[in-house]
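Here is a short briefing on one protein chain. Keep the sequence and the 3D view open as you read.

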Amino acid sequence: MTEQTYKLLDGKATSAQIKAEIAAEVAARVAAGKKPPHLVAILVGHDGGSETYVAAKIKTCAEVGFRSSLIRFEEDVTEEQLLSEIQRLNSDPEVHGFIVQLPLPKHIDEQRIIEAVSPEKDVDGFHPINVGRMSIGLPCFVSATPQGIVELLRRYEIETRGKHCVVLGRSNIVGKPMAQLLLHKGTPGDCTITVCHSRTPNIKELCLQADIIVAALGVPEFLKADMVRPGAVIIDVGTTRVPDASRKSGFKLTGDVAFDEVAPLASYITPVPGGVGPMTIISLMLNTLRAAKLAEEEA
């Protein structure tokens, strides 16, 4: 057996540490007579992945001392009903932040729903106002997954200044904000950024030039060993359910990185599960705590 040369970027352990920090701050706030932050989740239908994500968010709220509420709608909810509920939450002073779990059924315009959420309560960081502010480095709510990745890089003291970062994927939720955040001046930041996507012809060559690779394509085991140069930092955002008869659940969670072959080349790498996932949920908690503080300042 060769000695393991890479280090795991352990999102589970890091999020547990942040969780403890948030819980202590919330306990101090409540002891001082302030209300605990209140996060509301809207869940439409019964998508397995969405059910799992929302359950994890509600559980984390309880662990850090937040108040949480879950509002359920059936698959056939109308867009108008959903917009009416969003309006109610926007104007409810008891609610500090809320999320509408995506994806939504096909008959609902997701963008219209995203834009209906008040930017001050948009703890998912999806509203165009928050996205715009984030892109020019102004205070805002940042999309939870990219924010979680930046926090992971910060806590592991990964050098980003002057490094070449290749982002695989251009989604509005991960790829684009990830590129923007690492482009900003500061630590982590100051990267030279290349964004690759399904139309990029020479992905392999670009990846081989990268000091840091953020894989967020949603294609299981896309990033192979022959695409990674020795010493690169690998961030795997992918979580695809791949059938696996040997498991009780019948599937396993697989990332966008072929972990077993890429890890020996990497200096740092995130596991799946236990890497980016827990950091995403804890970032949502950080955003909700921030929303509660902002609401207090404005009261």
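The points below go from the core to the helices, the strands and then the loops.

This is a predicted model. Its largest nonpolar core has 45 residues.

**The core**

- Ile-22, Val-214, Ile-235 and Met-285 have the most contacts inside the largest nonpolar core.
- Helix H10 spans residues 276-298 and gives this core its largest share, 8 residues.
- Look up Met-285 in the 3D view. Leaving out residues up to four places away in sequence, Met-285 touches Ile-22, Leu-39, Lys-57, Thr-60, Cys-61, Val-64 and Phe-66.
- Thr-60 sits in helix H2. Leaving out residues up to four places away in sequence, Thr-60 touches Lys-19, Ile-281, Ile-282 and Met-285.
- Is Thr-60 buried or exposed? Thr-60 is buried, because its relative accessible area is 8% and the cut-off for buried is under 20%.

**Helix H1 against helix H2**

- Helix H1 covers residues 11-31, and helix H2 covers residues 48-64.
- Their axes come within 8 Å and cross at roughly 55 degrees.
- H1 and H2 are therefore oblique to each other.
- On the H1 side, the contact is made by Lys-19, Ile-22, Ala-23 and Val-26. On the H2 side, Thr-60, Glu-63 and Val-64 take part.
- By type, the residues of this contact divide into 4 nonpolar, 1 polar and 2 charged.

**Helix H6 against helix H10**

- The axes of H6 and H10 come within 7 Å. They cross at roughly 105 degrees.
- H6 and H10 are therefore roughly perpendicular to each other, since angles of 65 to 115 degrees count that way.
- H6 brings Ala-144, Thr-145, Gln-147, Gly-148, Ile-149, Glu-151 and Leu-152 to the contact.
- H10 brings Val-276, Met-279, Thr-280, Ser-283, Leu-284, Leu-286 and Asn-287.
- The residues of the contact between H6 and H10 divide into 7 nonpolar, 6 polar and 1 charged.

**The sheet E3-E2-E4**

- In what order do the 3 strands of this open sheet lie? The order is E3-E2-E4, and the pairing is parallel.
- The edge strands are E3 (67-73) and E4, and each pairs on one side only.
- Neighbouring strands of this sheet are turned by 15 degrees against each other on average, direction ignored.
- Strand E2 covers residues 38-44 and is joined to E3 by 7 bridges.
- Helix H3 (residues 79-90) lies across E2, E3 and E4. H3 runs at about 180 degrees to E2.

**Strands E7, E8 and E11**

- E7 and E8 run parallel and are joined by 4 bridges. Ala-215 has Asp-236 in E8 as its bridge partner.
- E8 also pairs with E11, in the parallel sense, over 2 bridges. Here Ile-234 has Ile-269 in E11 as its bridge partner.
- In a regular strand, side chains alternate between the two faces of the sheet.
- Which residues of E8 lie on each side? Val-233 and Ile-235 are on one side, and Ile-234 and Asp-236 are on the other.
- These four are all buried, and both faces of E8 are covered.

**Cis peptide bonds**

- Leu-102 and Pro-103 are joined by a cis peptide bond, with omega about 0 degrees. Pro-103 is in the loop between strand E4 (97-100) and helix H4 (110-116).
- Val-272 and Pro-273 are also joined by a cis peptide bond, with omega about -5 degrees. Pro-273 is in the loop between strand E11 (268-269) and H10.

**Positive phi angles**

- Glu-157 is not a glycine, yet it has a positive phi of about 55 degrees.
- Glu-157 lies in the loop between helix H6 (144-155) and strand E5 (164-168). Glu-157 counts as exposed, because its relative accessibility is 72% and the cut-off for exposed is over 50%.
- Glu-221 is not a glycine either, and has a positive phi of about 55 degrees.
- Glu-221 is in the loop between strand E7 (212-215) and strand E8 (233-236). With a relative accessible area of 35%, Glu-221 is partly exposed.

How values were computed:
Residues are numbered from 1 along each chain as its sequence is written. This is a predicted model: local features need pLDDT of at least 70, side-chain atom pairs count only at pLDDT 80 or more; totals for chains, interfaces and linings use all residues. Side-chain values use heavy atoms; hydrogens and water are left out. A nonpolar core is a set of buried Ala, Val, Leu, Ile, Met, Phe, Trp, Tyr and Cys residues joined through side-chain atoms within 4.5 Å. Buried means under 20% relative accessible area, exposed over 50%, partly exposed in between (1.4 Å probe, protein chains only). Contact means heavy atoms within 4.5 Å. Axes are lines fitted to C-alpha atoms, for helices over the stretch in contact, and angles run from 0 to 180 degrees between N-to-C directions. Angles under 35 degrees count as roughly parallel, over 145 as roughly antiparallel, 65 to 115 as roughly perpendicular and the rest as oblique. Ala, Val, Leu, Ile, Met, Phe, Trp, Tyr, Cys and Pro count as nonpolar, Asp, Glu, Lys and Arg as charged, and the others, Gly among them, as polar. Two strands pair if DSSP finds at least two bridges between them.
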